[in-house]
Amino acid sequence: MHFPFFGKKSINPSDGGDNNGNGSWVPYTIATCSAVVLFSILNNISSIGAAASTIIGTFKPIIIGLAIAYMLNPLVKLIEKLLEPSVRKEKIRNWIAIAIAFATVVLFASVLLYSLIPQLIDSILQFFNNINNYANTLNSLVNELAGIAESKGIDVNTLKNTSSNFVTDAVTMLTGFGGKMVGQSFSLGSDALSILIGFILAIYFLVSKNMLLDGINRLMDLTLKQERCESIRHFLGRCNVIVSTFIIDDLLDALIVGIVNFVFMTVMHMPYSVLISVVVAVTNLAPTFGPFVGGFIGGFVLLFASAGSTIPFIIFTIILQLCDGYVIKPKLFGQTLGVPGIWMVSGIIIGGELFGVLGILMAVPVVGIMTFVYRDYIAGLEAKKKAELEAKQAEEAKIKAEMAEIEHEMAEEDIEDNVD
């Protein structure tokens with residue numbers, strides 16, 4: 001039996017090895033230890049997630065800086081390319097490109113926040129201030145429908161009581177959610193310093209990008225074989241394509257879905273169009289489950305504010321998500337990711353359990369990377385098996401040809417003997 005991880009054959013008496021089996025226990029021991037380690041990891045996955053969260057919290061400004069630099073790097077490279085004919089010095093061109101990129105992002109974010117934040121705050125305050133009125137209106141609607149049903153001889157007392165309890169529980173839940181949202185806002189405010197430091201570090205990372213990459217490449221060339229270096233660079237290049245494509249296309253997809261949702265709600269004169277459209281766009285960033293969560297939240301808000309708009313909104317959300325899943329996303333993502341559905345769902349569940357919202361957002365590119373690694377590994381094994389089979393077939397063909405030649409020579413010798 002051959003174990004590719006060790007590059008050696010286990011000792012097997014039938015292969016002419018040591019009849020005592022010395023050394024044959026090594027692969028089994030390592031396999032057993034690996035199983036024990038895997039079981040320990042799965043059994044303590046919550047503790048591992050907590051430890052990872054602590055480490056991430058410690059290095060949060062650096063991680064934020066790297067993330068910002070990574071996302072802005074394509075824009076910086078594009079601006080550098082546009083400036084190349086007019087600015088000859090590479091260092092000056094790099095600084096100008098970084099300044100323009102940061103100014104563009106800050107300006108865009110400022111305009112977006114200036115346009116959305118006041119409306120979002122007004123919508124949220126208005127909703128929570130009027131939530132009791134909305135609840136009373138919804139209860140009145142339920143009672144009116146119950147009266148109509150009773151006049152037709154339909155007993156709906158159980159449904160009526162259930163609906164009243166649902167409205168009461170929903171109001172309590174939303175009130176508690178409002179308090180949590182305020183607390184979360186203060187929590188985000190406490191992270192403002194980390195974000196500010198991250199922006200400053202991002203500038204340094206972008207300025208020193210070439211120096212850092214050159215240092216890493218030189219270290220790899222000195223410590224690894226050339227073939228291994230090329231393999232690592234190829235792997236990292238493919239990872240970069242997957243992650244950058246996912247981030248850019250996912251943001252663009254969420255923006256398109258949010259705008260289309262806002263236009264529909266505005267045309268249909270539905271309340272809280274800005275608030276619900278922002279929720280739909282943000283939740284759309286999370287694949288698979290995100291769109292359903294956004295549609296549920298939007299429908300839940302409309303159920304209180306304008307019950308008649310709930311069903312049209314849900315129908316539109318289903319149609320929009322079908323168009324997004326079968327038209328918009330394939331056009332944006334193409335075949336870059338190619339992640340099987342079951343892998344995607346599993347990655348989202350595990351990522352959310354370990355790293356929360358960030359784990360959900362980054363689950364797809366991470367699973368995409370694992371997918372191409374797995375496929376390359378399988379393709380390598382298949383190619384190796386095919387080569388071995390072809391070599392075996394060639395050897396058998398060679399032996400058959402030699403045997404045929406020997407038989408032919410023997411037949412000629414018999415003919416000569418008979419002639420003599």
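Colleague: Start with Y272. Is Y272 buried or exposed?
Modeller: This is a predicted model, so keep that in mind throughout. In it, Y272 has a relative accessibility of 8%, and it therefore counts as buried, the cut-off being under 20%.

Colleague: Where is Y272 found?
Modeller: Y272 is in the loop between α9 and α10. Its phi is positive, about 55 degrees, although Y272 is not a glycine.

Colleague: What about P271? Where does P271 lie?
Modeller: In the loop between α9 and α10. P271 is partly exposed, with a relative accessible area of 26%. The C-alpha atom of P271 is separated by 9.0 Å from that of S123, and the two residues are 148 residues apart along the chain.

Colleague: How do the axes of α9 and α10 cross?
Modeller: They cross at roughly 155 degrees and come within 8 Å, α10 being residues 273-283. Angles over 145 degrees count as roughly antiparallel, and α9 and α10 are therefore roughly antiparallel to each other. The crossing of α9 past α10 is right-handed.

Colleague: Why give both an angle and a distance?
Modeller: Because two packed helices are described by the angle between their axes and the distance between the axes.

Colleague: New topic. How many aromatic pairs are there?
Modeller: A search of the whole structure finds 2. In one of them, F102 and F199 have ring centres 6.0 Å apart and planes at 65 degrees, so that pair is edge-to-face.

Colleague: Where in the chain are F102 and F199?
Modeller: F102 is in helix α4, residues 90-129, and F199 is in helix α7, residues 192-207. The pair links distant parts of the chain, 97 residues apart.

Colleague: Is F102 buried or exposed?
Modeller: F102 is buried, at a relative accessible area of 10%. F199 counts as partly exposed, at 29% relative accessibility.

Colleague: And what do F264 and F316 form?
Modeller: A stacked aromatic pair, with 3.8 Å centre to centre and 5 degrees between the planes. F264 lies in helix α9 (residues 226-267) and F316 in helix α12 (residues 310-333), so the pair ties together parts 52 residues apart in sequence. Both F264 and F316 are buried.

Colleague: Back to α7. What should its 16 residues span?
Modeller: At 1.5 Å a residue, α7 should span 22 Å. The end C-alpha atoms of α7 are 23 Å apart, which agrees.

Colleague: Which residues in α7 are buried?
Modeller: S194, G198, A202 and L206 are buried in α7. Those residues cover an arc of only 105 degrees around the axis, which puts them on the same side of α7.

Colleague: And which exposed residues does the face turned away from the buried side carry?
Modeller: That face of α7 carries L193, L196 and Y204.

Methods
Residues are numbered from 1 along each chain as its sequence is written. This is a predicted model: local features need pLDDT of at least 70, side-chain atom pairs count only at pLDDT 80 or more; totals for chains, interfaces and linings use all residues. Side-chain values use heavy atoms; hydrogens and water are left out. Rings of Phe, Tyr and Trp (its six-membered ring) pair if their centres lie within 6.5 Å; planes under 30 degrees apart count as stacked, over 60 as edge-to-face and the rest as tilted. Helices (H or I, at least four residues) and strands (E, at least two) are DSSP runs, numbered from the N terminus. Buried means under 20% relative accessible area, exposed over 50%, partly exposed in between (1.4 Å probe, protein chains only). The expected span of a helix is 1.5 Å times one less than its number of residues. The arc is that of the directions from the helix axis to the C-beta atoms. Axes are lines fitted to C-alpha atoms, for helices over the stretch in contact, and angles run from 0 to 180 degrees between N-to-C directions. Angles under 35 degrees count as roughly parallel, over 145 as roughly antiparallel, 65 to 115 as roughly perpendicular and the rest as oblique. A crossing is left-handed if the near helix is turned anticlockwise from the far one by less than a right angle, and right-handed if clockwise.
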